[in-house]
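I would ask you to keep the sequence and the structure in view while I go through a few local features.

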Amino acid sequence: MLPESEINRVLVVSAHPDDADFGSAGTIALFADRGVEVTYLLVTDGDAGGNERTLDNSGMAELRRTEQLAAAKAVGVSDVRFLGYSDGQVTPTLELRRDIARVIRQVKPDLVITHHPDRNYQFIAPSHPDHRAVGGAALDAVYPDARNPYAFPELLKDEGLEAWTVREVWLNGGPTPDHWVDITASMDRKLAALQSHVSQVAHVEGFADFVKSRFGAWAEQAGFGEGRYAEGFQVVPTA
């Protein structure tokens, strides 16, 4: 694994608003605390989500972008980018790979955090088709696209974006996490980020207790003990 001291820039690639907050906001808050530059890249605006459907898809997209900006601010992230793909219809196309590779070359992250591309049969919630498509496209953008100057040559020729090698990827939502982060110190900020997504969670009775229970159980699984909270990832070396 990359030493913590060598992680200076992080790119979080997610399918929808709130995905980063469920998967890694506690970890991101800890990165931000020590001055790591974090960028969020959202593939969709989440226009097909939301419990309250008085808004059309355009209105829901605008609302969810606003909620994500507030959630990012809660954990110290100010660089939030949206690609505008259609919610619920994402596939791992060459176009998506190029769009993610573009941002990788712009941001030059040491670490990318994204969705696990495989279905999790032990816990189905993270296995939304958009999640799996984004995870697969992000991994392909990391290797080989972003590092290969001959892949998507227009990125270099027209935009001046030099090839960049991401050294490590952390996948969330998969069945085999092998790296746990103790987020006890940032759990309050993770919860604040999640509660910023009012259109998604305001109707869920006992939401805060549900979140604490889930991430508390993972802390016990990680061996951190009772009364603590954890996020889990599968680490993929990509240097």
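**A buried loop residue and its surroundings**

Let us begin with Ile183, which is buried, with a relative accessible area of 0%; buried means under 20% relative accessible area, exposed over 50%, and partly exposed in between, with a 1.4 Å probe and protein chains only. Before I continue, please note that this is a predicted model, in which local features need pLDDT of at least 70, side-chain atom pairs count only at pLDDT 80 or more, and totals for chains, interfaces and linings use all residues. Residues are numbered from 1 along each chain as its sequence is written, and side-chain values use heavy atoms, with hydrogens and water left out.

Ile183 sits in the loop between β6 (179-182) and α6. Helices here are DSSP runs of H or I with at least four residues, strands are runs of E with at least two, and both are numbered from the N terminus. Which residues does Ile183 touch, not counting residues up to four places away in sequence? They are Gly26, Thr27, Leu30, Lys190, Tyr229, Ala230 and Glu231, where contact means heavy atoms within 4.5 Å.

Next, α6 itself. Met187, Lys190, Leu191, Ala193 and Leu194 are buried in α6. They lie on the same side of α6, because they cover an arc of only 160° around the axis; the arc is that of the directions from the helix axis to the C-beta atoms.

I turn now to helix packing. Two packed helices are described by the angle between their axes and the distance between the axes. Helix α1 (residues 19-33) packs against helix α6 (residues 187-195) at an angle of about 130°, and their axes are 9 Å apart. The axes are lines fitted to C-alpha atoms, for helices over the stretch in contact, and angles run from 0 to 180 degrees between N-to-C directions. α1 and α6 are therefore oblique to each other: angles under 35 degrees count as roughly parallel, over 145 as roughly antiparallel, 65 to 115 as roughly perpendicular, and the rest as oblique. On the α1 side, the contact is made by Asp21, Phe22, Gly23, Ser24, Ala25, Gly26, Ala29 and Asp33, and on the α6 side by Arg189, Lys190, Ala193 and Leu194. By class, the residues of this contact of α1 with α6 are five nonpolar, three polar and four charged. Ala, Val, Leu, Ile, Met, Phe, Trp, Tyr, Cys and Pro count as nonpolar, Asp, Glu, Lys and Arg as charged, and the others, Gly among them, as polar.

A second pair is α3 and α4, which pack at an angle of about 60° with their axes 8 Å apart. α3 and α4 are therefore also oblique to each other. The contact of α3 with α4 holds eight nonpolar, no polar and four charged residues.

Finally, some backbone features. Pro144 belongs to helix α4 (residues 129-145), and the peptide bond from Tyr143 to Pro144 is cis, with omega near 15°. Asp18 lies in the loop between β1 (9-14) and α1, and its phi is near 90°, a positive value in a residue other than glycine. Is Asp18 buried or exposed? At 11% relative accessibility, Asp18 counts as buried. Lys108, in the loop between α3 (94-107) and β4 (111-115), is not a glycine either, yet has a positive phi of about 55°. Lys108 counts as partly exposed, at 31% relative accessibility.
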